Amino acid sequence: LSLNSTKDYYWSHLAMQYKELNYFSKADECFVKALDLNPSAINLSNYAAFLGDNGDYKKATFYFEKSLKKDPSFFGPYIDLFHVYALNNRYSHKLWDFYEKRFDVYSQLKWVKEKNLKSPKNILECKNKKCVIYCEQGIGDGLMFMRYLKLMPSYVKYVISCEPEMKSIFEKLNVNVITSLKNKKFDFYISLLSLPFLLKKPSIPKPFFPITSKIKKFNNKIGVCWSGSPAHAFDKHRSIYFKKFYEIFKNKNNLEIFSLVKNYSCRKYVESNEVIDLSSGALEEDGLINIGNHMKDVESTTKIILDKKISLVITVDTMIAHLALSMGIETWLLLSKKSDWRWGLKNKSKWYGNNLKIFRQTKLDEWDDVLNKIEEYLSEYSSIKKLKIRT
């Protein structure tokens, strides 16, 4: 910039670096400077994403929409607009249409176009066709979007393609299940996450799961999960050190605490050479009952939760949250300030109703206030012996 201050992408790249360092006012100035020099679709979108990350969703929406007017073939802002509206629980058929642009944006979905797999434009096209519905993302998404299968018209004949850990659960819905698409041919390939768009169902149906808990009162048995898979791209911001997490249960001797953590592995994040053991002390902690060894797949995890009569789950953002909520178990979710669109911006979610209570960070990566609120809430909650779990 000292050699040439008229290049917009110099300013834009500098803004990105300031953003990474949390120098937000300097980042804002640089983004605006880049826009002044060149109000391109990508500069507009970059600035909108920055605004959205900092919670200014109204202004972010303005710049995302401006970016699309500038270049409707630039697909990124469609996905970003979906995220903004979904965070605000503003679902519509048009919004799910925006989400379909993920096939042009998400690297993990490139295989669909590379293999030239055909997808229907609407559900009517599937009549008398050989169809497969595949789970495109993680187990949590499979559990979350399973509810749309009960809305499928009877004239659509399909099989499910999913990860092996989900196979037995889908089989309980009386559908044929495969765990690989290799060497198999279908007329249509349908993502499970595309069903809201294909079925034209903008409103969110209630969870649909073949196994539910019959426990309707708090019984002092709590399932906990402080970390998810180390491979998750957002793991640094969602998982917590066990020792910090477990402090909320100190001096509460009347509680039975069951660990629902499946992966106790150490982790190493890309921006650091440090190897981190988030679960240090968990296996030695007196009073913590480890049932993670029995969690081989989704069905076995479900059975162990039922067997132990767990009536409350306290977890970070992992598939355990989706599973517990799908089973009808009250769930307290510890959520990062920079959270996924699925949970919205309020302390409730359209996806899971009153069974979900969200404890959200006010500052990124700072969990102390969240944990203090849960400890305080738990003291009041556990003192009510016959508290009915909401449905």
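Predicted model: local features only at pLDDT ≥ 70, side-chain atom pairs only at ≥ 80, totals over all residues.

**Strand E4 and its sheet**

Strand E4, residues 188-191, is covered on both faces: Phe188 and Ile190 are buried on one side, and Tyr189 and Ser191 are buried on the other.

Strands of a sheet pair through backbone hydrogen bonds, in either a parallel or an antiparallel way. E4 pairs with strand E1, residues 131-134, in the parallel sense, and 4 bridges link the two. Cys131 stands opposite Phe188 in E4, and Val132 has Tyr189 of E4 as its bridge partner.

**From E1 to Gly138**

Gly138 sits in the loop between E1 and helix H8, which covers residues 139-145. Is Gly138 buried or partly exposed? Gly138 counts as partly exposed, because its relative accessibility is 33%. Between the C-alpha atoms of Gly138 and Trp11 there are 36 Å in space, and the two residues are 127 apart in sequence.

**Helix H13**

Helix H13 spans residues 298-307 and is mostly covered, with 7 of its 10 residues buried. Those buried residues are Val298, Glu299, Ser300, Thr301, Thr302, Ile304 and Ile305. Among the elements that cover them are H8, helix H9 (167-171) and helix H14 (319-326).

Both ends of H13 have a local feature to look at. At the start of the helix, a side-chain oxygen of Asp297 comes to within 3.3 Å of the backbone nitrogen of Glu299. Just after the helix, Lys309 has a positive phi of about 60°.

In soluble globular proteins, nonpolar side chains tend to be buried together. In this model, the largest nonpolar core contains 127 residues, and those with the most contacts inside it are Trp96, Leu149, Phe249 and Trp341. Helix H5, residues 76-87, supplies the largest share of this core, with 8 residues.

Trp96 shows what such a position looks like. Leaving aside residues up to four places away in sequence, the residues that Trp96 touches include Phe82, Tyr148, Leu193, Phe197, Trp341 and Trp351. Trp341 in this list is also one of the residues with the most contacts inside the core.

His237 is in helix H11, residues 235-238. His237 counts as buried because its relative accessibility is 17%. What does the side chain of His237 join through a polar contact of 2.7 Å? The partner is the side chain of Asp365. Apart from residues up to four places away in sequence, His237 touches Ser336, Leu364, Asp365 and Trp367.

Phe62 lies in helix H4, residues 57-70. Phe62 is partly exposed, because its relative accessible area is 46%.

**The whole chain**

The secondary structure of the chain amounts to 15 helices and 10 strands. The radius of gyration is 23 Å, close to the 21 Å that the globule rule gives for 391 residues, so the chain is as compact as a globular protein of that length. Along the principal axes, the C-alpha atoms fill a box of roughly 65 × 55 × 35 Å. Of the 391 residues, 51% are buried. Of the contacts between residues at least 6 apart in sequence, 67% join residues at least 24 apart.

A last point concerns confidence. The average pLDDT of the chain is 92, and 97% of the residues score at least 70. Over residues 385-391 the pLDDT is below 50, and beyond near neighbours in sequence this stretch has 20 contacts in the model.

Methods:
Residues numbered from 1 in each chain as written. Heavy atoms only, no water. pLDDT = per-residue confidence, 0-100. Contact = heavy atoms within 4.5 Å. Buried < 20%, exposed > 50% of the residue type's maximum accessible area, 1.4 Å probe, protein only. Polar contact = N/O pair within 3.5 Å; in protein donor to acceptor, adjacent residues only side chain to side chain. Pairing = 2+ DSSP bridges. Core = buried A, V, L, I, M, F, W, Y, C linked by side-chain atoms within 4.5 Å. Rg over C-alpha atoms; globule rule 2.2 N^0.38 Å.
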